[in-house]
Amino acid sequence: MGGNIPKISDAEWQVMKVLWKKSPLTAAEIIDTLQPETKWNRKTIHTLIQRLVKKDVLGIKEENPYMYYPLLEEELCMKEETKTFLEKVYDGSLQLLMTNFLKSEKLSKQEINKLKKLLDESKYGSDEK
């Protein structure tokens with residue numbers, strides 16, 4: 001990602017999603033939440049937790065047992081991930097992304113109206129005066 005936010009892998013995102021929903025949690029609670037949906041073994045999930053701690057994305061409350069909590073807000077990580085995706089896939093062109101998306105997706109009238117409203121309410125980019 002950009003700035004001071006480290007790159008979070010797809011697997012690490014799964015751990016973060018659990019903790020953004022509810023935190024702090026113990027490693028056992030994180031494992032119990034993730035195992036049914038991912039089928040990952042305990043050691044894999046422990047490794048992901050430790051990687052996130054090393055990246056300063058997760059904090060630890062040193063209780064017995066340790067409690068883990070996110071150090072970064074979900075919205076901030078989502079924005080950074082979106083910027084990275086936009087740069088990697090569309091060379092930073094939001095217009096190209098939106099064009100591709102709108103051509104390939106079937107939107108309801110309500111969804112189209114919401115998008116129009118968002119566009120109308122958005123601030124002009126640096127190219128506009």
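Mentor: Let's start with a helix pair in this predicted model: α2 passes α3 in a right-handed crossing.
Trainee: Which residues make the contact?
Mentor: From α2 there are Ala27, Ala28, Ile30, Ile31, Asp32, Leu34 and Gln35, and α3 supplies Arg42, Ile45, His46 and Ile49. By class, that contact has 7 nonpolar, 2 polar and 2 charged residues.
Trainee: And at what angle do α2 and α3 pack?
Mentor: About 120°, with the axes 10 Å apart. That makes α2 oblique to α3.
Trainee: Switching to α4, how many residues does it have?
Mentor: Helix α4 has 17 residues, 74-90, and reaches 23 Å from its first C-alpha to its last, close to the expected 24 Å.
Trainee: Which residues of α4 are buried, and what do they pack against?
Mentor: The buried ones are Cys77, Glu80, Leu86 and Tyr90. They pack against α1 and α5.
Trainee: What comes just after α4?
Mentor: Aspartate 91, with a positive phi of about 50°. It sits in the loop between α4 and α5.
Trainee: Is aspartate 91 buried or exposed?
Mentor: Exposed, at 70% relative accessibility. Aspartate 56, in the loop between α3 and β1, also has a positive phi, about 60°, and is exposed at 56% relative accessible area.
Trainee: New topic: where are the cis peptide bonds you'd show me?
Mentor: One joins serine 23 and proline 24, and proline 24 lies in the loop between α1 and α2. Another runs from asparagine 64 to proline 65, with proline 65 in the loop between β1 and β2.
Trainee: Why point those out?
Mentor: Because most peptide bonds are trans.

Conventions: Residues are numbered from 1 along each chain as its sequence is written. This is a predicted model: local features need pLDDT of at least 70, side-chain atom pairs count only at pLDDT 80 or more; totals for chains, interfaces and linings use all residues. Side-chain values use heavy atoms; hydrogens and water are left out. Axes are lines fitted to C-alpha atoms, for helices over the stretch in contact, and angles run from 0 to 180 degrees between N-to-C directions. Helices (H or I, at least four residues) and strands (E, at least two) are DSSP runs, numbered from the N terminus. Angles under 35 degrees count as roughly parallel, over 145 as roughly antiparallel, 65 to 115 as roughly perpendicular and the rest as oblique. A crossing is left-handed if the near helix is turned anticlockwise from the far one by less than a right angle, and right-handed if clockwise. Contact means heavy atoms within 4.5 Å. Ala, Val, Leu, Ile, Met, Phe, Trp, Tyr, Cys and Pro count as nonpolar, Asp, Glu, Lys and Arg as charged, and the others, Gly among them, as polar. The expected span of a helix is 1.5 Å times one less than its number of residues. Buried means under 20% relative accessible area, exposed over 50%, partly exposed in between (1.4 Å probe, protein chains only).
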